[in-house]
Amino acid sequence: MNITELLNVNLIKLELNSKTKEDVIKEMVNLLDEDGKLLDKDKYTKAVTDREKEFSTGIGMGIAIPHGKSSGVKEAALVFGRSTEGIDYQSMDDELAHIFFLIAVPEESSNEHLKILSQISRKLMHKELRESLMNASSPEEIITLLQQ
Amino acid sequence: MKFVAITSCPTGIAHTYMAAEALDMAAKEMGIEIKVETQGSVGAENQLTEAEIREARVVIIAADTNVSKERFAGKTILEVGVKDAIKDAKGLIQKAIDMKIEDKNTAKNVSNVEEEKKVERKGVYKHLMTGVSYMIPFVAAGGILIALSFAFGIYAFKVDGSIAAALKDVGGAAMGLMYPILAGFIAFSIADRPGLVPGVVGGMLASTVGAGFLGAMAAGFLAGYTILLLKKTIKLPKSLQGLMPVIILPVLSTLVVGLVMMYVIGKPVSALTVAMSKYLTNLSGANAGFLGIILGLMMAFDMGGPFNKAAYTFGVSTLALAPSSAIMAAVMAAGMTPPLGIALATVIAKKKFTAEERESGKSAWALGLAFITEGAIPFAAADPLKIIPSTMTGAAVAGALSMIFKSAIVAPHGGIFLLFIPHAVINLGGYIVAIVAGTIVTGIMVSVLKKDVVVK
C-alpha cells in the first residue's frame with residue numbers, strides 16, 4: 001500500500017485555523033482544491049455536508065472523518081488536519097475532535113485507492129496510532145505513521 | 001464462542017471498516033472469535049462462508065444500509081447501526097454473548113439441505129397464491145358482468161350502445177386483466193415492486209399469444225426470477241444505481257420476459273393451436289362419444305389456453321355450417337362443468353377449501369352457469385395437479401354425453417341463458433343431464449383428490 005498516492009505534504013495541516021465544524025470542512029476542502037484534486041469544489045463540498053447530515057462522521061476518540069464521493073472529485077485524495085485546541089464536531093461521544101481526515105473519492109475510483117482508505121479507517125481505531133498522530137511534529141512524520 | 005458480523009455504511013469508505021476493526025479489536029480483547037465481513041464501496045470483503053455462519057452463535061449486523069439476511073435464515077441476528085459498533089464494540093459483543101438463542105434455530109440448522117428444499121417449495125406456492133388471490137376478484141367481476149349481459153338476451157350485446165353491450169365490454173375488460181394480474185402479482189411476490197412490470201406485461205402477452213393461464217403463470221415466475229437474476233448479476237457504480245429500478249430493471253426484464261413469451265411460448269402455442277384444429281377437423285366423422293370426450297378434455301385442460309381455444313373455435317366453426325351444432329353443444333357443456341364442478345366441491349367438501357376459496361366457489365356457480373370457464377382458473381392455478389384432472393374428467397363426461405344424446409345448440413355462448421330460450425337447445429333434457437353429470441364427476445373428484453386445508 002502506498003499512501004503517497006493519496007496524501008502529500010500539501011494536504012497536511014498540523015494546526016487548523018477553524019473553530020467550527022463548517023469552517024473545518026471548508027478549510028480542508030480548500031487544501032484539496034489548491035492541490036488540484038477537485039473538478040467542482042461546490043459539488044464535492046455538498047457531498048461532504050450531505051454525508052454529515054446523515055450522521056456526524058465525528059466517530060469519537062477525538063477523530064472525525066468527513067468524506068464524500070462525488071463527480072466533483074478528480075482523483076482520490078486525503079487531507080490530514082489537526083487541531084490541538086479541538087473542535088466541536090458533534091461527535092458521537094460528545095468530545096472535541098482533534099484529528100481530521102477529509103476523504104475525497106471520485107464516482108469511479110480504483111479499488112486500490114478505496115482499499116487504502118479502508119486500511120486507514122481501520123488503523124484509526126487503534127489508540128497508539130491516534131496518539132502518535134497527535135504528537136507528530138512534521139507532515140512527513142504523519143505520512144510515515146500512516147504508511148506503516 | 002464464535003460470532004460472525006457484517007458492517008456496512010452508506011458511502012462504504014470509512015465507517016464500514018472502522019466498525020469492522022473495532023469489532024476485531026474488541027473480540028481479541030475479550031478472547032472470543034469473530035469474523036467480520038465488510039460490505040463497502042469495494043464490495044464485500046472477508047466474506048463469511050456457510051460453515052462460519054453455521055457455527056456462529058449470533059450474527060451481528062452493524063449497518064446503515066440494507067444488508068441481505070437471506071444467508072442467515074434460522075440464525076439469531078443482532079442488528080444495530082454501524083456507529084454502535086464503532087462507539088462500543090465491546091458492549092455490542094457482550095450483548096451478542098448474552099443474547100438468548102431462539103431454540104427453533106439450533107434444531108433447524110442441523111438438517112439444512114432438506115429444510116432448504118421445503119422452504120423453497122413453500123416459496124413457490126406462496127408466490128402462486130399471491131397471484132391467484134389478486135386475480136380472483138377480477139374473474140368474479142368480469143365473469144358476472146358478462147353473464148349479466150346474456151340476461152338481456154343471448155345476442156343482446158351485439159346491439160351497439162345497448163346496456164348489454166356495455167356490460168359485456170366492461171366485464172371483458174375486467175376478465176382481460178386476469179392474466180396480467182395473475183402474472184404480475186406472482187412476480188411481485190417473488191421480486192417485490194420491480195417484478196410487477198415484467199409480470200404484468202408477460203401476463204398480457206400470455207393472453208395475446210393465447211397461452212392461457214398456464215402461460216400467465218409461467219410468465220409470472222419467469223418475470224420474478226428474471227428480476228432476481230438481473231439484480232444479482234448487474235453491478236453498477238453507486239452513481240448509476242438510481243437507474244436500476246427506474247430504467248434498467250424494467251427495460252431488461254420486460255425485454256427478456258416479452259421475448260420469451262413471444263418466441264419460446266407464443267410460437268409453439270400457436271403451432272399447437274393450429275395442429276389441434278386440424279386434428280379436430282379430421283375427427284369430425286369419428287365416433288360421436290369419442291369426439292365429445294376429446295372436446296371435453298381440451299376445454300377443461302387449460303381453460304383459455306391453446307387446447308381450449310382450439311376446441312372452442314372448432315365448435316364455433318361448425319355453427320357456421322349448420323343452424324345448430326352438436327359439437328358446439330358438447331364444447332359448451334364441457335366449458336360449463338369445470339367451474340360448476342368446483343363450486344359443487346366447495347359445498348360438499350368444505351374442509352378442503354379455505355374460507356376465501358369457499359366464497360370464490362359461490363361466484364364459480366354463476367360463472368359456470370354462464371359458460372365462463374375461467375371461473376375455475378383461480379382454483380386450477382392454486383392446485384393444478386388436483387384440479388385440472390378433475391375438471392378434465394368431468395368435462396369429458398359432459399362432452400361425451402352431450403354428443404351421445406345428440407344435443408345441439410344454436411349459439412356459441414350463453415350457458416344457462418340459452419337453455420331458457422325455446423328451440424335454442426335440441427334435446428334439452430339430455431343436455432341438462434350431460435352438464436349435471438359432468439358437474440358431479442368433477443365435484444366428487446375434486447373432493448376426493450384435494451387434501452384438507454391445514455389450519456395454521
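Reply: Two residues count as in contact if their C-beta atoms, placed from the backbone, lie within 7 Å. This is a predicted model, in which local features need pLDDT of at least 70 and side-chain atom pairs count only at pLDDT 80 or more, while totals for chains, interfaces and linings use all residues. Residues are numbered from 1 along each chain as its sequence is written, and chains are lettered from A in the order in which they are written.

Me: How many residues of chain A are in contact with chain B?

Reply: On chain A there are 24, and they meet 19 residues of chain B. Helices (H or I, at least four residues) and strands (E, at least two) are DSSP runs, numbered from the N terminus. On the side of chain A that touches chain B, α3(A) supplies the largest share, eight residues.

Me: How does that side of chain A divide by class?

Reply: Ala, Val, Leu, Ile, Met, Phe, Trp, Tyr, Cys and Pro count as nonpolar, Asp, Glu, Lys and Arg as charged, and the others, Gly among them, as polar. That side of chain A has ten nonpolar, six polar and eight charged residues.

Me: At what angle do α12(B) and α13(B) pack?

Reply: Axes are lines fitted to C-alpha atoms, for helices over the stretch in contact, and angles run from 0 to 180 degrees between N-to-C directions. For α12 (288-302) and α13 (306-321) of chain B the angle is about 135°, with the axes 6 Å apart. Under 35 degrees is roughly parallel, over 145 roughly antiparallel, 65 to 115 roughly perpendicular and the rest oblique. α12(B) and α13(B) are therefore oblique.

Me: Which orientation do α8(B) and α9(B) have?

Reply: Their axes cross at roughly 150° and come within 7 Å, so α8(B) and α9(B) are roughly antiparallel.
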